[in-house]
Amino acid sequence: MNVRAQIGTMFHLDKCIGCHTCSLACKNIWTDRRGTEYMWWNNVETKPGTGYPCQWEDQEKFRGGWEKHNGSIRLKSTGKARIVTNIFHNPHMPSMDDYYEPWTYDYQHLFNAPEGPDQPTARPISMVTGEHIDVESGPNWDDDLGGSPVYAEHDPNLAGLSEEQRRQLFSVEQLVFFYLPRICNHCLNPACVASCPSGALYKRGEDGIVLVDQKRCRAWRSCIAACPYKKVFFNWHTGKSEKCILCYPRLETGQAPACFHSCVGRIRYLGVLLYDAERIADAANLPTEQLIDAQREMILDPHDSHVIENALKNGISDAVIEAAQDSPVYKFVKVWKIALPPHIEFRTLPMLFYVPPMAPVMAQRRDGALDSVSDNLFHDIEQARVPLKFLANLLGAGQEGKVLYALRKQKAVRWYRRALTVGDVDLETARRMLRDADCTEHEAQAIYELTSLCTVEQRFVIPPMLREQAIESLKDPHEQKQNAGFGFLSGPRRGL
Amino acid sequence: MLGIVLAAAFATSARGQETAAYFKANCASCHTIGGGRLAGPDLKDVTRRKDREWLKSFILNPQAKITAGDPYALQLLEEARGVVMPQVAGLTPDRVDFVLDLIEAESALEESQFKGQQISMAPFTPADVTRGMALFTGRDIPSAGAPPCFSCHSIPGIGGLGGGFAGPDLTLVFERLGGRPALSAWLQAPATPMMQSLLRNAPLAPDEIHALTALFEDRAKHGAPVQAGVAQLTFSLLGLGVAALALVLFDVIWKGRFRAVRRSLVEASKL
């Protein structure tokens with residue numbers, strides 16, 4: 001057993017209102033620089049929708065992630081031999097048009113325009129070329145466009161849905177959509193790290209944050225093709241790749257990452273997960289339908305004395321283990337099993353989990369009025385406007401079972417709380433639902449509290465990052481101080 | 001008698017042998033000793049025609065002498081139909097002395113080794129011209145393996161694209177070099193560094209020289225020089241055409257390559 005610590009994250013999609021506050025918080029801190037205008041390390045997508053960059057989930061187009069090959073797994077985009085023919089150009093990358101051409105407005109014109117018969121307007125200007133452009137797309141261009149025949153209809157997650165389901169999903173009165181906020185998943189088996197020819201990407205040993213070394217990056221852009229979530233971006237100004245850093249400077253000072261901290265719906269949870277690094281290779285190689293369970297297996301119980309012993313042996317400090325025991329992510333993922341990894345079939349073992357959203361049920365006409373009250377307790381989950389298959393494609397590696405389990409448990413908790421607080425439903429029925437959903441009353445109460453009443457301290461259990469100790473494992477600080485002098489600080493730029 | 005002895009002594013000495021080799025490589029393409037005029041005059045007894053000082057300064061820098069308006073130099077220029085003797089690489093005043101010594105010694109002999117190749121004066125036949133054309137275009141490879149002429153040169157009758165344009169057009173070379181003996185001698189021991197380096201290790205055989213001379217004589221009589229501009233334009237256009245064709249081919253081969261994602265969705269929805 002090789003116990004390591006990872007900052008795990010969880011987004012509760014049932015609470016997301018799609019306000020994009022997270023995206024703006026991130027943008028203002030990290031990607032307002034030249035060359036990063038088009039980047040959104042955090043973005044919020046409407047589902048069904050094609051997302052950002054357009055159709056990022058379609059790995060037949062973008063070739064991200066891993067694929068099974070001769071009993072093992074290999075990168076879908078590149079390899080030691082396969083890179084030779086594409087050494088100067090990686091053909092499977094999103095173009096700027098697939099992201100969007102960033103723009104601002106010519107505000108000065110509002111003040112400087114010569115007098116004329118019409119009101120002056122602020123025309124959009126490309127932030128890349130500085131020319132006037134016609135805006136054709138944006139990072140959330142399909143925002144709230146649930147029924148859009150251009151964007152929503154081409155969501156790769158619609159694969160396997162029947163014609164009837166598709167028709168319902170796009171008919172006007174039954175239209176439905178939900179939001180999917182996305183950041184880097186800081187995967188356990190990151191394809192971006194594996195693909196980098198320069199070894200510039202690395203996963204921090206002490207907390208699992210995946211970073212790009214700006215000094216070693218040589219602009220091969222293999223990471224951009226290899227990341228199936230398209231969360232590594234190329235800075236066209238510095239010629240280096242950049243990605244979400246999980247605000248590690250904030251984490252190291254005990255603050256939650258900006259997108260977490262600013263979240264209006266309080267949908268974001270963050271906490272340490274202990275996992276067994278020995279099992280990564282085997283887990284990533286399992287058949288698709290076993291991946292979710294295998295990843296849950298890898299995440300270890302921080303209360304288990306055997307795990308604690310091995311963690312201490314690996315240099316994980318008591319404080320981090322304590323944080324892992326309080327981790328809300330651990331509870332949602334491993335104990336309650338209602339948080340699921342996105343597209344684990346890409347085999348990168350993402351460490352960002354999503355609680356699937358409850359959707360409105362299909363309304364039925366009764367006496368000339370639309371009625372959505374159902375007598376069949378769980379039945380309407382299958383009848384929800386968002387087909388279960390769609391959620392399963394997104395969060396369940398195509399299997400409805402795992403998603404159904406999470407939704408049933410959530411619904412049972414709701415029903416139980418409704419019986420307790422509102423009292424318009426029968427408590428016995430609610431208890432029966434809990435039993436059917438594999439949930440105790442105690443657990444239901446805990447889920448309810450951590451979902452609805454959670455405080456900042458409960459949502460973000462940030463471990464002490466102990467950077468001074470992490471550095472000591474690499475070099476002696478005293479020696480470093482005596483040898484290094486003042487050193488140099490310079491920004492990343494093109495070239496070696 | 002004394003002359004013969006001297007010549008023998010000079011020829012057998014080490015310096016004499018070296019000078020002879022130098023003469024062969026650098027002078028023999030235009031000059032003979034007792035073999036008649038080639039591009040340049042026969043050098044037999046040249047040291048009696050003009051004094052050594054004059055000869056030395058002329059050999060070291062022929063153009064300067066001409067520019068200075070020396071009457072004898074101008075006379076030579078006229079005899080050579082305006083072809084100025086090139087400045088020969090590796091000449092030093094000492095070496096000029098040795099060369100003049102060699103010429104003096106060789107002139108004393110009854111038959112100098114630099115009398116020049118006995119060029120066949122057999123009349124040219126159409127078959128010779130055909131053979132010459134085959135050699136020129138590389139259909140026949142010269143026996144010693146010299147590269148075909150048309151990699152760098154052009155003459156009429158080898159197709160619309162002409163030959164190479166790296167070397168001069170050879171349509172009128174027969175007249176330019178002053179006829180059959182001079183051209184033959186030139187082909188045997190060319191005077192330019194480029195041709196020297198090409199033919200040094202792959203000299204042309206006498207029958208090949210015969211055939212090429214026949215070709216050049218024929219072309220000088222009948223052909224007009226290839227229009228370099230037209231041929232080059234044809235060549236460029238052909239190149240562009242082939243490049244465009246190659247692009248079309250690549251496009252067909254990689255038809256399923258990755259293209260824009262979003263734009264294709266939007267365009268498909270407009271249909």
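This is a predicted model: local features need pLDDT of at least 70, side-chain atom pairs count only at pLDDT 80 or more; totals for chains, interfaces and linings use all residues.

In which loop of chain A is Cys247(A) found? Please start there, and then connect that place to the rest of the model.

A: Cys247(A) is found in the loop of chain A that runs between β11 (240-243) and α8 (248-251). Phi of Cys247(A) is near 45°, which is a positive value in a residue other than glycine. Most residues other than glycine have a negative phi, and most peptide bonds are trans.

Chain A also has peptide bonds that are cis. The bond from Lys47(A) to Pro48(A) is cis, with omega near -5°. The bond from Tyr52(A) to Pro53(A) is cis as well, and its omega is near -5°. Pro48(A) is found in the loop between β2 (43-47) and α2 (59-62) of chain A. Pro53(A) lies in the loop between β2 and α2 of chain A.

The next step is the division of chain A into domains. Domain 1 covers 13-251 and domain 2 covers 265-459. The C-alpha centres of these two domains of chain A lie 26 Å apart. Their contact takes 34 residues from domain 1 of chain A and 31 residues from domain 2 of chain A. On the domain 1 side, the elements that give two or more residues are β4 (72-75) and α5 (163-170) of chain A. By class, that side of domain 1 of chain A has 18 nonpolar, 12 polar and four charged residues.

Chain A also has an open sheet of three strands. The order of the strands is β12-β1-β13, and the pairing is mixed. The edge strands are β12 (268-276) and β13 (352-355) of chain A, each of which pairs on one side only. From one strand to the next, the twist averages 30°. Strand β1 of chain A, residues 3-12, pairs with β13(A) in the parallel sense over four bridges. In this part of the model, Phe11(A) stands opposite Tyr354(A), a residue in β13(A).

Further along chain A there is a pair of helices. Helix α17 covers residues 400-422 and helix α18 covers residues 427-436; their axes come within 9 Å and cross at roughly 160°. α17(A) and α18(A) are therefore roughly antiparallel to each other. The crossing in which α17(A) passes α18(A) is left-handed. From α17(A), the contact is made by Ala412(A), Trp415(A), Tyr416(A) and Ala419(A), and from α18(A) by Leu427(A), Ala430(A), Met433(A) and Leu434(A). By class, this contact of α17(A) with α18(A) has eight nonpolar, no polar and no charged residues.

Chain A also touches chain B. In that contact, 13 residues of chain A meet nine residues of chain B. The chain A side has five nonpolar, five polar and three charged residues.

Chain B has its own division into domains. Its domain assignment gives domain 1 (2-108), domain 2 (126-222) and domain 3 (231-270). The centres of domain 2 of chain B and domain 3 of chain B, taken over C-alpha atoms, are separated by 42 Å. Four residues from domain 2 of chain B and four residues from domain 3 of chain B take part in the contact. The domain 2 side of that contact in chain B divides into two nonpolar, two polar and no charged residues.

Chain B has a helix pair to describe too. Helix α4 (residues 52-60) of chain B and helix α7 (residues 93-108) of chain B pack at an angle of about 120°, and their axes are 10 Å apart. α4(B) and α7(B) are therefore oblique to each other. α4(B) passes α7(B) in a right-handed crossing. On α4(B), the contact is made by Arg52(B), Leu55(B), Lys56(B), Ile59(B) and Leu60(B), and on α7(B) by Pro93(B), Val96(B) and Leu100(B). The residues of this contact of α4(B) with α7(B) divide into six nonpolar, no polar and two charged.

Definitions and conventions:
Residues are numbered from 1 along each chain as its sequence is written. Chains are lettered from A and ligands numbered from 1 in the order in which they are written. Domain bounds come from an automatic or database domain assignment. Two residues are in contact if their C-beta atoms, placed from the backbone, lie within 7 Å. Ala, Val, Leu, Ile, Met, Phe, Trp, Tyr, Cys and Pro count as nonpolar, Asp, Glu, Lys and Arg as charged, and the others, Gly among them, as polar. Axes are lines fitted to C-alpha atoms, for helices over the stretch in contact, and angles run from 0 to 180 degrees between N-to-C directions. Angles under 35 degrees count as roughly parallel, over 145 as roughly antiparallel, 65 to 115 as roughly perpendicular and the rest as oblique. A crossing is left-handed if the near helix is turned anticlockwise from the far one by less than a right angle, and right-handed if clockwise. Two strands pair if DSSP finds at least two bridges between them.
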